[in-house]
Amino acid sequence: MRNLKPQFIFRMLLLFFFGISMQSYAINEEKYVVNKASSENFPLVSKGKIASILVSKNDFQGVLRVTGHLENDLFKVSDLHAKQINKISEADYVVIIGTLGKSEIIDQLAKEGKIDTNQLKGKWEKFTTQIVDNPVKGVKKALVIAGSDKRGTIYGIYDLSSQIGVSPWYFWADVPVKKQSELHVLPGIYSQGEPKVKYRGIFINDEAPALSGWAFEKYGGFNAKFYDTVFELILRMKGNYLWPSMWGRMFYVDDPQNAVLADEYGIVMGTSHHEPLTRAHAEWSALGKGKWDFNTNSDNLTSFWKDGMKRMGNKETIVTVGMRGDGDEPMTQGTAIDLLENIVKTQRNIIAEVTKKPIEETPQMWALYKEVQDYYDKGMRVPDDITLLLCDDNWGNIRKLPELDAKPRKGGYGIYYHYDYVGGPRNYKWINTNQIERTWEQMDLAYQYGVDKIWIVNVGDIKPMEFPIEFFLDMAWNPEVFNANNLEQYYVRWAMETFGNQYPEEIAEIMKLYTKYNARRKPELLNAKTYSITHYNEAENVLADYKKVVEKANQISDKIAPEYKDAFYQLVLFPVLASSNINELYVATAKNQLYANQGRAAANDYAKQVKVLFEKDSLLTNDYHTKLAGGKWNHMMAQTHIGYTSWQEPKTNVIPETKVIALPNKAEAGIAIEGSENYWTNNKQEIVLPVLNAFRNKTTYLDLFNRGTKTFDFTINAKNNWITFSKSNGTIAKEERIVIGIDWKKAPKGNLKSKLVVTANKQKFNVIVNVKNEELNDVKGFVENNGYIAIDAQNYSRAINESNIQWTTIPNIGKTGSGITLKPSNILPVAISEQSPRVEYDVHFFSKEEVKVHAYFSPTINFSVRDGLKYGVAFDVENPQIMNLNADNSEKNWNESVADNIKIITSSHKIENAGNHVLKIYGIDPALVLQKIVIETASGQVLKTYLGPPESFRTK
């Protein structure tokens with residue numbers, strides 16, 4: 001154990017005994033503001049007094065602006081106004097803010113050795129915060145926030161705001177500020193260091209009708225008043241980069257002050273992947289001449305782009321180069337490499353001509369988006385100083401990464417990622433469906449492959465993506481502090497920080513689970529057939545999952561402090577209520593349609609329920625628009641999300657189609673059973689229930705329902721006394737679910753067949769009950785039942801690792817459980833051997849036969865030049881089969897895998913004898929994430945469901 005300095009021990013004791021004023025925002029960030037005074041501390045706020053603030057008028061205007069934000073933040077917390085002074089000697093305690101080389105007082109303190117300039121000189125966006133005793137004669141203490149550059153100083157200011165309890169989301173999510181009367185800064189030098197990713201930002205996109213409706217109502221459009229809130233939000237989360245709103249919007253034209261304000265704040269501006277040389281797409285239709293076609297209209301395009309560069313001036317910008325077709329479409333039918341190379345050459349000549357600087361001094365990026373990646377894959381290259389912006393597939397799966405042996409390029413690499421998308425197979429932009437676990441897994445993969453120049457994420461309307469946005473920007477600052485083991489901690493810390501340490505574990509669990517459930521299938525892709533209402537209780541289990549989260553969220557909403565209710569509603573409660581409701585809507589639709597076909601009287605009740613749930617969706621939206629924060633967020637949930645029939649959204653939400661049936665004025669009994677859509681109205685055919693066994697399928701059910709308007713009585717009698725049922729007699733008005741089980745202590749051992757007789761409305765039904773009451777002697781691992789074995793991937797029996805390669809569980813990433821992958825990610829494929837990494841699953845079969853192993857993977861794209869990402873699979877000592885996750889890269893296969901958010905690869909094997917066996921999954925490519933395994937036997941039948949069958953029984 002290393003020696004601890006006395007000052008460090010003192011500081012830790014202060015943290016332990018006196019507590020922290022508020023948790024700070026970046027994970028693993030050091031906390032330095034406490035609520036108790038000491039002679040060592042700096043009294044920022046104490047005994048009704050507040051320290052003065054000194055900032056040089058010669059510093060950057062953005063620093064002066066953000067210093068004003070700090071004054072406002074201090075007032076929100078303490079109800080005291082900090083006085084701005086011009087000379088340091090005017091106060092006993094003063095906060096000194098300044099940028100090295102721009103602030104004479106900072107430079108003087110550096111010259112006198114009172115702050116260490118070596119920590120700041122030549123650094124990118126770095127700050128230090130420290131106490132300086134007796135900075136000048138007559139001043140007892142100063143808290144000095146010094147930045148290496150403009151953004152470094154701004155981050156230092158906002159870091160102090162975070163430390164005193166002001167959330168980045170105080171405006172955009174109405175997160176309240178906790179009042180505090182004592183704020184003291186601990187001794188020491190505090191810094192977040194330099195960011196690991198140079199440019200970190202968001203893309204406002206697909207912003208109609210929600211954000212556009214809100215912005216025009218509140219600000220009159222996407223003007224500087226609007227962007228003032230956006231720039232501040234980005235900087236408070238230590239981002240520095242923005243692609244502005246672009247659906248019919250023109251950042252530089254709509255309000256010329258937009259660019260001026262961005263430059264003042266230090267926001268690096270860019271334009272999206274298809275908007276070259278700072279020109280918004282909408283500018284061409286408004287200001288351009290002729291066709292968007294370089295072959296036929298190069299002169300007008302050149303002039304158009306040149307004006308864009310002139311307008312940019314010296315403002316910090318990453319200039320987009322390249323060209324796509326008009327309207328974010330492919331430029332040509334084929335891959336016109338010569339044409340695009342000529343376009344890039346022309347654009348670079350324009351940049352050099354207008355800026356009058358060497359071309360490599362102007363940051364540029366070329367986005368390998370959609371078909372543009374084909375140009376790169378077929379050999380097109382751009383000069384080394386251009387950043388290659390690699391992209392995901394619009395669904396959070398990275399399409400391409402540099403090869404591990406690629407030569408370093410001066411411009412480096414970036415990633416364009418998506419939390420929101422308009423396009424096939426379906427738009428998704430209504431609600432948050434993004435799991436931070438998947439974001440971490442994919443962006444950690446990118447970072448390990450050297451992608452560290454630009455990280456930008458498409459966030460749609462900003463709301464309701466608040467939580468994943470913050471995670472993305474936190475991770476972008478330092479990806480190295482995030483790992484699979486601390487993602488759950490991130491939820492808790494976020495909840496603690498956002499809601500004033502009220503119910504952090506409970507809120508974290510809600511956030512973790514609702515995003516998991518939404519990621520199973522995006523709401524816009526849901527329909528009545530998504531979840532099975534007959535097999536494995538799937539639909540009921542899905543609704544139960546949501547209802548548990550709803551119940552927990554409602555309980556917290558009732559208890560949380562009143563000032564937090566608006567923030568809780570928009571960040572937690574609304575997405576939970578709305579997501580649960582839409583799933584319930586489609587399950588009710590499915591029941592209506594099936595029950596109508598069966599003639600159930602209850603079908604009409606479900607038709608009514610669909611109407612109620614559809615109306616509830618609109619009522620939730622209306623509450624968001626009119627009641628939340630006094631109507632502040634009107635329009636923000638206006639995105640349509642019900643009734644899609646193609647990739648594009650409907651103009652309005654469309655209620656699912658239901659059936660209303662005419663019922664005879666009599667009583668008529670019907671029976672339906674678990675696992676089947678069939679139904680019976682007479683005893684001419686035996687009704688055979690699913691097989692029951694003592695170790696997995698312990699119960700099943702039958703639905704006894706009415707096909708008429710008059711009630712009827714029923715009785716149930718079993719042939720054997722070891723058959724149990726939840727109800728043996730009663731009266732049916734609409735329907736009753738009868739749960740059937742076995743008294744395992746009374747039932748004989750072995751394979752049993754018995755019968756129960758249902759008498760209803762003078763109709764008799766013979767129901768066959770098959771039972772396996774087997775001794776599980778010498779059985780090891782997961783046990784076959786009803787023709788399958790299902791396993792959540794993290795529940796392996798053994799993991800075999802190599803010294804530098806480890807199996808890692810990513811909690812929560814699976815549709816039903818978690819996922820496993822190999823880490824680190826930046827390794828070459830592993831050759832299979834006896835020593836190579838693998839996971840083993842003990843399984844038990846009751847007969848020898850052919851089996852199929854269905855491996856459920858996250859839908860990872862082949863990002864390499866190899867023919868696909870691979871794994872190995874084998875039973876016992878057989879030679880492993882090498883399986884390729886990307887063998888079928890057709891558009892149809894991709895559509896299915898991203899819509900399902902899973903990719904299932906199947907291998908066939910021969911089990912030579914009944915008994916215990918070992919399934920082995922060999923790691924070859926580290927980027928694969930295995931979520932679930934379903935082993936299907938030839939004699940059985942895995943019933944069709946969206947999530948796959950529930951996990952099998954496992955012996956201890």
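Helices (H or I, at least four residues) and strands (E, at least two) are DSSP runs, numbered from the N terminus. This is a predicted model, in which local features need pLDDT of at least 70, side-chain atom pairs count only at pLDDT 80 or more, and totals for chains, interfaces and linings use all residues. Residues are numbered from 1 along each chain as its sequence is written, and side-chain values use heavy atoms, with hydrogens and water left out.

**View 1. Helix α11, residues 337-355.** The helix has 19 residues. From first C-alpha to last it reaches 27 Å, close to the 27 Å expected at 1.5 Å a residue; the expected span is 1.5 Å times one less than the number of residues. Its buried residues (under 20% relative accessible area, 1.4 Å probe, protein chains only) include I337, L340, I343, V344, Q347, R348, I351 and V354. An α-helix has 3.6 residues a turn, so residues three or four places apart point the same way. Among the elements covering the buried residues of α11 are α10 (294-312), β14 (319-321), β15 (364-367) and α12 (372-377). Just after α11, K356 takes a positive phi of about 55°.

**View 2. D842 in strand β34 (residues 838-845).** D842 is buried, with a relative accessible area of 7%. Its side chain makes a polar contact of 2.7 Å with that of R798. Such a contact is a pair of N or O atoms within 3.5 Å; within protein, one must be able to donate a hydrogen and the other to accept it, and residues adjacent in sequence count only if both atoms are side-chain atoms. Leaving aside neighbours within four places in sequence, D842 is in contact (heavy atoms within 4.5 Å) with K780, G781, F782, S797, R798, H917 and V918.

**View 3. The largest cavity, about 270 Å³.** On a 1 Å grid over the protein atoms alone, a cavity is a set of points where a 1.4 Å probe fits but cannot get out, and a pocket is an open set with protein on both sides within 12 Å along at least five of seven lines; lining residues have an atom within 4 Å of a point. Of the 21 lining residues of the largest cavity, W395, T433, R438, K522 and N901 are the closest to its centre. Two or more residues come from each of β17 (413-418), α13 (436-448) and α20 (891-900).

**View 4. The second largest pocket, about 1,100 Å³.** The lining has 44 residues, with Y536, N697, N786, Y788 and P950 nearest the centre. Helix α17 gives the most, with 6 residues.

Technical notes. Buried means under 20% relative accessible area, exposed over 50%, partly exposed in between (1.4 Å probe, protein chains only). Grid points are joined across faces, edges and corners, and a volume is the space filled by probe spheres set on the points.
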